[in-house]
Amino acid sequence: MKTYQFLTGIMAAALLTACGNNNGDYDASGIFETTEVIVSVKANGEIMRFDIEEGQDVKPDVPVGYIDTLQLSLKKWQLLATRTATDSRVLDESRQLSSLRQQIANLERERKRYEGLVKDDAATQKQLDDINYQIEVLEKQLAATQEQISSSNSSLSNQSTSIEAQLAQLDDQISNSVITSPIAGTILTKYAEPGEYAAPGRALFKVSDVGNMKLRTYITADQLTALKIGQPVKVYADRGKDERKEYDGIVTWISDKAEFTPKTIQTRDERANLVYAIKVDVKNDGLIKRGMYGEVKF
């Protein structure tokens with residue numbers, strides 16, 4: 001952002017005239033400025049639409065154009081298909097292991113039955129040992145299969161996370177392809193047209209926040225001691241040869257360094273050589289224009 005400063009010899013004449021018209025009923029005078037923003041491109045590609053004109057009012061975050069997103073959209077569709085395929089390969093551990101667990105449960109019931117038969121000498125110890133061996137084999141197989149499924153699902157989960165990150169990047173790039181103004185204001189300059197190629201950093205347009213004006217003026221060292229940031233003041237804007245309109249203002253900035261009085265600025269004490277710059281915020285009703293002369297009363 002930068003602050004527009006419009007100080008010329010013509011404005012100097014206006015200041016002198018205005019000072020005379022208002023009989024010196026002010027503490028400082030200066031020029032109204034606006035906060036300006038140069039909006040740049042955030043994406044690569046052809047400008048497909050760019051619906052703004054110089055002098056047009058725009059609202060913040062309302063689309064005024066966009067950069068070509070066809071390739072980004074195709075890549076996103078590809079990633080969505082890959083994510084679906086990846087998710088379909090995730091194994092249901094409970095379902096995959098249910099058969100082995102059922103076999104182990106059946107053998108454990110058989111083991112209990114054979115333990116009773118061995119006690120009654122109705123079965124041999126070898127038969128019981130064979131059942132124990134089968135249970136041991138199945139338990140090892142269960143553990144190995146469980147570990148394999150866990151490892152496979154973990155790998156698929158990492159792939160899915162990577163895909164989600166890529167999708168988030170694409171969504172961000174697509175979002176950056178939409179051209180918007182960060183502030184409410186008026187278009188001062190348009191730097192590009194539809195059909196031109198845009199690269200990150202290229203300026204698209206300059207917008208000025210005309211709803212909130214700043215009166216940049218200068219005060220003497222004597223006035224400095226009686227002024228503080230946040231202090232309410234009265235601001236006057238010229239409305240003609242002998243008229244001026246009153247506004248409420250707030251002091252938002254005071255320079256900590258003195259400077260020589262600008263030639264185009266009138267101070268209360270015309271003998272003062274060194275002055276301090278201040279800025280006063282004023283809510284604009286649409287009548288204050290950039291570069292217009294203004295006065296402030298503390």
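1. Leaving aside its neighbours within four places in sequence, which residues is Val282 in contact with? Taking contact as heavy atoms within 4.5 Å, Val282 meets Phe32, Gly211, Asn212, Met213, Val235, Tyr247, Asp248, Gly249 and Ile288.

2. This is a predicted model, in which local features need pLDDT of at least 70 and side-chain atom pairs count only at pLDDT 80 or more, while totals for chains, interfaces and linings use all residues. Residues are numbered from 1 along each chain as its sequence is written, and side-chain values use heavy atoms, with hydrogens and water left out.

3. The secondary structure of the protein chain comes to five helices and 14 strands, where helices (H or I, at least four residues) and strands (E, at least two) are DSSP runs numbered from the N terminus. Of the 298 residues in the chain, 37% are buried, that is, under 20% relative accessible area with a 1.4 Å probe and protein chains only.

4. The largest nonpolar core has 19 residues, and Phe32, Val235, Val280, Val282, Ile288 and Val296 touch the most other members; such a core is a set of buried Ala, Val, Leu, Ile, Met, Phe, Trp, Tyr and Cys residues joined through side-chain atoms within 4.5 Å. Two or more residues each are given to this core by strand 2 (28-40), strand 9 (203-219), strand 10 (232-238), strand 11 (244-254) and strand 13 (274-283), and the largest share, four residues, is that of strand 13. Another core, of 17 residues, lies apart from it and has Phe50, Ile52, Ile183 and Leu204 among its members.

5. Ser255 lies in the loop between strand 11 and strand 12 (259-260) and counts as buried because its relative accessibility is 12%. Not counting residues up to four places away in sequence, Ser255 touches Tyr276 and Ala277. Ser255 and Ile278 are 23 residues apart in sequence, yet their C-alpha atoms are 6.1 Å apart in space.

Note on methods. Buried means under 20% relative accessible area, exposed over 50%, partly exposed in between (1.4 Å probe, protein chains only).
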